[in-house]
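Dear colleague,

I am passing on the structure we spoke about, and below it you will find my notes on what came out of the analysis. Please read them with the coordinates open beside you.

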Amino acid sequence: MEQRRGFLIGCVVAVLLWTVASAQLRYSISEEVDEGTVVGNMAKDLGLDKNTLKDRKYRIVSSNADPLFHLNQNDGILYVSRKIDREEVCAQSSTCFINLKTVLENPLEVHYVRVEVLDINDHSPSFPETKTTLEISESVLPGARFQLKASRDRDSAHFSVQQYKLSNNDHFRLEVKDKGDDGKIPILIVQKSLDREASGSHLLVLIAVDGGKPPKSGEMNILVNVLDINDNAPVFTKDVYSVMLDENAPVGTTVIQVNATDLDEGPNGEVVYSFPNSINQRLLKLFDINPSTGEITVKGLIDYEEKDKYEIEIQVSDKGFAPLTTEKSVIIKIVDVNDNAPEIEVTSFSSSIPEDSRPGTTVALISVNDLDSGLNGKVICSIGEDVPFALSPSLQDKMFSLVTKSPLDREKQSHYDLTITAKDAGQPPLSSEKTISVVVSDVNDNSPEFSMSPYTFYITEANEPGASVFSVKAFDRDENNNALISYHILRDGSHENNLAAFLNINSENGDILALKSFDFETVKTFQFQVVATDSGTPSLSSNVTVNVFILDQNDNAPVIMYPLSSNGSAEGVEEIPRNVNAGHLVSKVRAYDADIGYNGWLLFSLQEVTDHSLFGLDRYTGQIRTLRSFTETDEAEHKLLILVKDNGNVSLSATATVIVKVVEPKEAFAASDVKSAAKDEEGNDVIFYLMITLGSVSVLFIISIIVLIAMQCSKSTDYTSKYLQETNYDGTLCHSIQYRSGDKRYMLVGPRMSIGSTIVPGSHANTLVLPDRRRASGEVRHVETIL
C-alpha cells in the first residue's frame, strides 16, 4: 500500500515554486516515478511563446550521456527521461536537488531550473552482518555498555533508521545514541549481572525500524558468550581529547595521540587501540590509528571547505580472554588554509557602450566568490587606474558593478581590454584575474574639418565651362555615417556671393565646377563659402571661405591711341623741317593693351620704312627720331609702318602708319602754327578719353590690390605689402606694381619693365625674377605675377 501511494505521489505533476530572489524555476518530484512523467511546463512558467521554442533550439545544457530529464521543444514541458534513484543521485543527503540549465538561441536566454527529488521509503534497514558474537565477562557489572554495529538505510531523513528494538530478555537492555550525520548507534547495556554457570550464552535479536508508513525493518542476531573474569576495563588518561588540524595536512601527519591504561595484569592489562565498527566509512579514508600507540594520523585529503569538524570514536580494548573495551570521542577541528583563489564571474555584460555615456553608466555586473572562510574568504576587487572605468560595490555581498568613471572619447580610444583582479585577504593572499573587452561606439560629436582654411585658388581666364577648376576636402573624426560628408556652396543671395551662382560642387568629393568662363578684365577676384555636412543624427557642419583669383590670358590685342586719323584709322601725318639734326623727335606712337603683365607689355618695331638710314624707332617707348640730318637728295615724304605687339605666348599686334613730310623751315613754322591751333582742340579730346581710360584701369587695380592685401594679411602675420609705382613709364598705358609676402617678392608686371628683369623659364611669362636690392649679396629672388 505504501509503495502504491508513493507511486501515485510521483505521478502527480510537481508543484512549481517560483522565487524572485533566485530568479529560477523550482520543481519537486518523487524518486522512482515512471519514464515520461511530467515535471513541469517550463514554457508557461517562464512566459515563453511555445511556437518559437523549436526555432530557438530550446534545450537542456548537459554533459551527461544519460540525462535524467528531457525538454520537449514543441510544448516546453520538462519530462523524466528514466527512473531516478535518489540514493544513487544524492546518497543520503537531507535534500536532493538537481540543477538544470536551459538555453534558448536568437536571442540568447539562459534559465536555471532546480528539481528537488523527494525520497520514498524504498529501502529497508540492513545490518553489516546478520550475526554477531559478543564475549562478555561474567564479572561485568550492571550498566556495562557494548556498542553494536549500526544498521544502515539508504533512504534519507525520516525514512532512514529511526529506532532499534531488542528482543525480550532479563539481562540486557538497549540504548540508542544519536550521532547526527552518523545516524543512531545501538548500545547494548547489561542491566543484570551475568552468571556463566547459570547460562553460558544469550541469543538476542536486534531490530532496526525506519520511519516509513508502514515502517520497514531489518534484523541482526546477537550471540552473547559469557566469559570468565577480566574485571577491569581500559581507562583513557584524559576526559576530553580535542585538537586543531590544518587543512591539506600531508598524509602521515600526526593528529593526536590518545593513551589508555588497564589495571589488570598480563594480557588482560595490555591495550589495543582501534576505531569502532560503527565508524563512518568516510572517516576511515581520512584518518588512521596505530593500534599499539594510539597515534591518530592523516590518511587522506583534509578539506576545510568540505567539513570543518570531525568527531571520531576511539575504542581501546584489553587482551584479556574476555576483552573489556572503553570508548572515547576525539574532536578534530579543521583550520582553514588559504588554498582557494577567488573566482570571478561576469553575470551581465554590455560589450559596446556609446562614447557619450554619462559617468556612472553600468557596463557589467561582476560577482566574486572564495570557498575559503574568514579573512581567507574576504575578497577585494580592483581594476587598473589608467582606464575610465571603476568597480562599484553592490548592495549584495560580493557583487560589483563595472561603471564608467569619466567621459569616453572614441576618437582617442575606441577599445578597452579591462583586467579585473580579485584578491583575498589570506596570508599569503591568492588572486585571480579576468579580462573583458569593451568597445566604445561612435556618436556624432565631431564636425567636419577642412584640410585648409581659407582656400586660395587661381583660375586662368577663359576657362572651359563645366570643367573642374579646383576642389575642397574635409574629414570627420567620427566613423560610418557620422563621418560621411556631403558638400554644398552657401548661397545667401548677397552681392559679394553673386559669382557663386556660376559655380557648382560635387556633393560627394568636393570638386568645384565653373559653369561659365571668367574674364580677367571683368572680374579679378571673388570669394564664396563651402559648407561640409556629415550624415549623423543630428548632423554637424562647418564652412570654409574660398578665395579665387583670376589669372590674365593674352586675349586683348594692342589698341593704337596715337596716331588716329579723322576716320578712326591708325594713321597720321607729321611735318618736320628739313634742317633738323639727328635725334630729332618726329612723333611718338602711343598704344594701350587691356591685358597686364607680359601680356600687356608692348614692343614697337618698324615694319616698313622708305629709308632705314633716316628714321629710328625706340622699341620700348614708340618714339620716332631722326638718325641723321636731311640732305637735298632725300625725298620729301616718307611712309613708316609701325608694328605694335604684346609679349604674350601667342602675341597679338596692331599697326600704325606715320607719314613724315619734310618741308622747308619757313613752311614748317607756318604749318606748325596752323596745326597747333587745330591740334589743341583735337588733343583735348584725346587727353579726355585717355584720362577716362587711365582712371578706370587705376580704379580696377587699386580695388584688386586692396583685396589682395586684406587676404594676405589675414593669412600670415609675416605678410607685408608695399606698392611701388613704376617711374620709368614712357608713353604706353601700362603699370608695374610690386609687393612682398613672407620670403617672396611679387610683382604685377606692366609693359615697361626694369632693365634688370628677366623671364623665368617655364613661367608662361607670368613669373619674373627681380634683383633684390635689399640684399648686399645680390641674391636673386623669385617674383610671381598673380594678375
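I begin with a loop residue: Asn480 lies in the loop between β36 (474-475) and β37 (485-489), and its phi is near 55°, a positive value in a residue other than glycine. Asn480 counts as exposed because its relative accessible area is 64%, and the cut-off for that class is over 50%. Please keep in mind throughout that this is a predicted model.

Glu32 is not a glycine either, yet it has a positive phi of about 65°, and its place is in the loop between β2 (24-30) and β3 (38-41). With a relative accessibility of 26%, Glu32 is classed as partly exposed.

Another joins Tyr562 and Pro563, where omega is about 10°; Pro563 is found in the loop that runs between β42 (559-562) and β43 (571-577).

Strand β43 leads on to a sheet. This is an open sheet of four strands in the order β43-β50-β49-β46, and its pairing is mixed. The edges are formed by β43 and β46 (603-609), each of which pairs on one side only, and from one strand to the next the twist averages 30°. Within this sheet, strand β49 (residues 637-645) and strand β50 (residues 653-663) run antiparallel and are joined by nine bridges; Leu643 stands opposite Thr655 in β50. As a general point, strands of a sheet pair through backbone hydrogen bonds, in either a parallel or an antiparallel manner.

If residues up to four places away in sequence are left aside, Ile289 touches Tyr273, Ser274, Phe275, Gly294, Glu295, Ile296 and Ile314. Ile256 stands 33 residues from Ile289 in sequence, and the distance between their C-alpha atoms is 9.6 Å.

On the surface, Leu108, Val110 and Tyr112 form a nonpolar patch, and together they have about 300 Å² of accessible area. Val110 sits in strand β8 (residues 109-118) and, at 37% relative accessibility, counts as partly exposed.

The secondary structure comes to five helices and 56 strands, and of the 787 residues in the protein, 43% are buried. Among contacts with a separation of 6 or more, 63% are accounted for by residues 24 or more positions apart. The protein exposes about 41700 Å², and carbon and sulfur atoms supply 51% of that area.

Methods: Residues are numbered from 1 along each chain as its sequence is written. This is a predicted model: local features need pLDDT of at least 70, side-chain atom pairs count only at pLDDT 80 or more; totals for chains, interfaces and linings use all residues. Side-chain values use heavy atoms; hydrogens and water are left out. Patches are made of residues with over 30% relative accessible area and no salt bridge: like charges are joined within 9 Å, nonpolar side chains (Val, Leu, Ile, Met, Phe, Trp, Tyr) within 5 Å. Accessible areas come from the Shrake-Rupley method with a 1.4 Å probe; for residues, only the protein chains shown count as cover. A salt bridge is a side-chain nitrogen of Lys or Arg within 4 Å of a carboxyl oxygen of Asp or Glu. Helices (H or I, at least four residues) and strands (E, at least two) are DSSP runs, numbered from the N terminus. Buried means under 20% relative accessible area, exposed over 50%, partly exposed in between (1.4 Å probe, protein chains only). Contact means heavy atoms within 4.5 Å. Two strands pair if DSSP finds at least two bridges between them. Axes are lines fitted to C-alpha atoms, for helices over the stretch in contact, and angles run from 0 to 180 degrees between N-to-C directions.
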